[in-house]
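Subject: Structure handover

Hello,

Here is the structure I promised to pass on. My notes follow below it.

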Amino acid sequence: MTQSLPPQPTDGNPFAQQPGAVPPAPVAPPRGNVVLGVVAAVVVALVTAGVYGAIVGATEYEIGYAAVGVGFLVGLAAGRIGGSNPVLPVISAVLSLGAVYLGQLIGIAAIGADLAGLSFTEMFVDHFDLITEGWKETADAMTFLFLAIGAFVAFSGAKKAAA
């Protein structure tokens, strides 16, 4: 019942690799799938719009860094997953505009729901016309600056993430 053992390495390390053994190559993450990049950017845009809206609703202020974060995360998702397709930065910028705008509407709805004594859902669904009217009345230069900053950061973030 003797078993033949493989020869021990000459340097005294019993854990050294045996000659001829090659480790498997690491699997590269999926990249370059434009459709998957767009889907990821849409999901991130919707999630960050909700977070941005919650921040606006809780603080009753538009916060520029949050708009930058929305744009950055949307661009990052599109660029990392979608690759270097030249259409992804443009799509990221458009999605970021929509996400910041939706976040501002969510914030206005949260504030309005508190003031009117309604639930957020009731305010957002049943009184959406009041929310958009409130956005138009409160929109100023800073509002449009936040929209532009978010779009710019998304555009440049998607280009950098794909590199």
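Start with serine 156. This residue is partly exposed, because its relative accessible area is 22%. The cut-offs are these: buried means under 20% relative accessible area, exposed means over 50%, and partly exposed lies in between, with a 1.4 Å probe and protein chains only. Serine 156 sits in helix H6.

Some ground rules before the rest. This is a predicted model, in which local features need pLDDT of at least 70, side-chain atom pairs count only at pLDDT 80 or more, and totals for chains, interfaces and linings use all residues. Residues are numbered from 1 along each chain as its sequence is written, and side-chain values use heavy atoms, with hydrogens and water left out.

Overall layout

The protein has six helices and zero strands. From the N terminus on, the elements run α-α-α-α-α-α. Helices (H or I, at least four residues) and strands (E, at least two) are DSSP runs, numbered from the N terminus.

Of the 163 residues, 33% count as buried. Contact means heavy atoms within 4.5 Å. Among contacts with a separation of 6 or more, 75% come from residues 24 or more positions apart. The accessible surface comes to about 10,100 Å², and 70% of that belongs to carbon and sulfur atoms. Accessible areas come from the Shrake-Rupley method with a 1.4 Å probe; for residues, only the protein chains shown count as cover.

What the record says

The unreviewed UniProt entry lists residues 34-57, 63-82, 94-121 and 141-158 under "transmembrane region". Positions are in the numbering used here, feature names are shortened, and annotations may be inferred rather than shown by experiment. I can set two of these spans against the model. Residues 63-82 are 95% helix and 0% strand, with end C-alpha atoms 29 Å apart. Residues 94-121 are 89% helix and 0% strand, and there the end C-alpha atoms lie 26 Å apart.

The core

Which residues have the most contacts inside the largest nonpolar core? They are Tyr52, Val70 and Val100, in a core of 21 residues. At least two residues each come from helix H1 (34-59), helix H2 (64-82), helix H3 (87-116), helix H5 (128-138) and helix H6 (141-162). H3 gives the most, with six residues. A nonpolar core here is a set of buried Ala, Val, Leu, Ile, Met, Phe, Trp, Tyr and Cys residues joined through side-chain atoms within 4.5 Å.

Take valine 100. Leaving aside neighbours within four places in sequence, valine 100 is in contact with Tyr52, Ala67, Val70, Phe146 and Leu147.

Serine 96 is also worth a look. This serine lies in helix H3. Serine 96 counts as buried because its relative accessibility is 0%. Not counting residues up to four places away in sequence, serine 96 touches Val70, Gly71, Val74, Gly150, Ala151 and Ala154.

The outside

Val35, Leu36, Val39, Val43, Val47, Val51 and Ile55 make a nonpolar surface patch of about 580 Å². Patches are made of residues with over 30% relative accessible area and no salt bridge; like charges are joined within 9 Å, nonpolar side chains (Val, Leu, Ile, Met, Phe, Trp, Tyr) within 5 Å. A salt bridge is a side-chain nitrogen of Lys or Arg within 4 Å of a carboxyl oxygen of Asp or Glu.

Valine 47 lies in helix H1 and is exposed, at 52% relative accessible area. Valine 43 is in helix H1 and counts as partly exposed, at 46%.

Leucine 145, in helix H6, is partly exposed at 40% relative accessibility.

A loop to check

Glutamate 60 is in the loop between H1 and H2. This residue is exposed, with a relative accessible area of 55%. Glutamate 60 has a positive phi of about 60°, although it is not a glycine. Most residues other than glycine have a negative phi.

Isoleucine 111, from helix H3, touches Val56, Gly57 and Glu60, not counting residues up to four places away in sequence. Isoleucine 111 and glutamate 60 are 7.1 Å apart in space, C-alpha to C-alpha, and 51 residues apart in sequence.

Best wishes
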